[in-house]
Amino acid sequence: MTPGRPPPRRPAPEPAPTADQATEDAMSNATTVSPAHSASTASTLITNIAALVTNDPSLGDGTPLGLIQGAAVVIEGDRVVWTGDQSKAPATDNRVDAGGRAVLPGFVDSHSHLVFAGDRTQEFNARMSGRPYSAGGIRTTVAATRAATDAELEANLTRYLAEALRQGTTTFETKSGYGLTVGDEARALRIAAAHTDEVTYLGAHIVSPDYAHDPAAYVSLVTGEMLDACAPYARWIDVFCEKGAFDGDQARAILTAGKAKGLHPRVHANQLSHGPGVQLAVEVDAASADHCTHLTAEDVDALANSRTVATLLPGAEFSTRAEWPDARRLLDAGVTVALSTDCNPGSSFTSSVPFCIALAVRDMRMTPDEALWSATAGGAAALRRDDIGRLTPGAQADLILLDAPSHVHLAYRPGVPLVSGVWRRGTRVV
């Protein structure tokens with residue numbers, strides 16, 4: 001779907017007022033109280049915003065970004081309770097002057113692999129010298145991850161989470177997939193679940209080296225004992241459907257078993273070559289088909305007529321010198337597109353969503369507006385969430401203050417650390 005079409009919705013945990021209702025309440029009562037919070041909850045006004053991205057096309061300039069010039073936003077507790085023209089802002093307990101900067105929703109990184117140990121610098125160096133990327137490099141990280149202690153894995157995870165937060169990522173998904181034994185996969189998910197609700201079981205990253213000569217037995221493990229151990233810690237199940245990993249029938253069996261355990265599917269699809277991944281993702285109503293580099297017309301049509309989001313990961317193409325996904329083709333067909341980092345030690349070792357936005361604009365033919373929408377509301381759609389990726393009353397108060405007057409600077413000034421403030425769930429953390 002294009003940025004103008006709303007993402008799939010799931011019921012909000014609490015009722016939220018519309019923008020018009022919030023404005024009327026503010027004008028009549030001088031304060032706005034969300035139904036989710038009591039009158040004693042402190043409120044904060046962020047004002048003097050040059051450009052506020054709401055991702056609500058009914059607001060501001062009427063574009064998919066719902067851009068409001070000369071804006072203000074009010075946070076109460078962990079929620080946004082008011083947005084609009086700064087001259088109409090309600091009275092609040094606290095006030096922050098944005099200084100004529102832009103304010104955006106926090107980035108939603110819906111695809112990462114952050115529970116790992118080890119380093120693959122030599123592999124990257126060799127690849128940049130002409131060796132093509134293949135799925136086999138994952139085995140290097142598997143060996144290092146198995147050898148690491150829980151404390152080492154968690155320290156590594158929190159290091160990269162802090163790095164991402166400084167760059168504006170307020171929601172992230174992360175996966176297992178570097179253990180490939182029952183115990184190692186379960187501990188990876190347990191560690192991840194202490195830091196995010198968006199946890200994905202990826203026992204089907206590659207066939208474990210321990211089962212190199214019996215892939216069918218490994219699929220049985222992934223759909224049996226390993227799934228039983230991992231399901232309590234995860235929301236999602238994923239599979240790398242690709243030559244060198246799992247074929248369409250194996251992937252279908254894995255995702256079907258996960259669904260029976262209450263996990264919802266995601267698919268690594270069509271990254272290295274044409275294959276059945278995208279069609280399978282649509283078939284099983286996966287929340288997202290990720291990578292989507294090699295697509296047929298039938299693949300694009302299937303995505304356009306489904307709820308499955310095409311999550312594009314330009315960091316992987318940058319780091320492997322591979323063909324860029326054709327974002328323009330997907331957007332023009334009406335496919336919902338998300339942008340994420342794919343942060344992992346082998347093929348996309350970046351935690352920077354701004355970097356990925358710049359790549360998408362420069363090399364994937366996205367406009368700055370489309371790239372920002374895809375990195376915020378698009379990522380939320382890929383997680384089937386409507387409480388993040390937007391700045392409207394009732395949304396989670398996750399927002400970014402840019403040291404720039406416009407979101408366009410994310411692509412206009414690539415590589416520059418423009419994020420000067422981050423609020424997560426209503427608390428300023430950067």
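**View 1. Contacts of Leu-330 in the predicted model**. Leu-330 touches Leu-295, Val-300, Leu-303, Ala-310, Leu-312, Val-335 and Val-337, with residues up to four places away in sequence left out. Contact here means heavy atoms within 4.5 Å. This is a predicted model, in which local features need pLDDT of at least 70 and side-chain atom pairs count only at pLDDT 80 or more, while totals for chains, interfaces and linings use all residues. Residues are numbered from 1 along each chain as its sequence is written, and side-chain values use heavy atoms, without hydrogens and water.

**View 2. The largest nonpolar core**. A nonpolar core is a set of buried Ala, Val, Leu, Ile, Met, Phe, Trp, Tyr and Cys residues joined through side-chain atoms within 4.5 Å. Buried means under 20% relative accessible area, exposed over 50%, and partly exposed in between (1.4 Å probe, protein chains only). The largest core has 92 residues. Those with the most contacts inside it are Tyr-201, Phe-246, Leu-330, Leu-339, Ile-357, Met-366 and Leu-402. Helix α5 (residues 182-193) gives this core its largest share, six residues. Helices (H or I, at least four residues) and strands (E, at least two) are DSSP runs, numbered from the N terminus. A second, separate core has 16 residues, among them Ile-49, Ala-71, Val-73 and Leu-391.

**View 3. Strand β1 and its partners**. Eight of the 10 residues of β1 (residues 43-52) are buried. Two strands pair if DSSP finds at least two bridges between them. With β2 (residues 68-76), β1 pairs in the antiparallel sense over seven bridges. Leu-52 stands opposite Ile-68 there. With β4 (residues 94-105), β1 runs parallel, joined by seven bridges. Ile-49 has Arg-101 of β4 as its bridge partner.

**View 4. Thr-145 in helix α3**. The helix spans residues 138-147. Thr-145 has a relative accessible area of 3%, so it counts as buried. Beyond its neighbours within four places in sequence, Thr-145 is in contact with Val-115, Phe-116, Ala-117, Leu-153, Tyr-178 and Arg-187. The C-alpha atoms of Thr-145 and Ala-117 are separated by 4.6 Å, though the two residues are 28 apart along the chain.

**View 5. Lining of the second largest cavity**. A cavity is a set of points on a 1 Å grid over the protein atoms alone where a 1.4 Å probe fits but cannot get out; lining residues have an atom within 4 Å of a point. The lining includes Phe-172, Asp-197, Arg-385 and Gln-396. Strand β6 (residues 169-172) gives the most to this lining, with three residues.

Notes: On a 1 Å grid over the protein atoms alone, a cavity is a set of points where a 1.4 Å probe fits but cannot get out, and a pocket is an open set with protein on both sides within 12 Å along at least five of seven lines; lining residues have an atom within 4 Å of a point.
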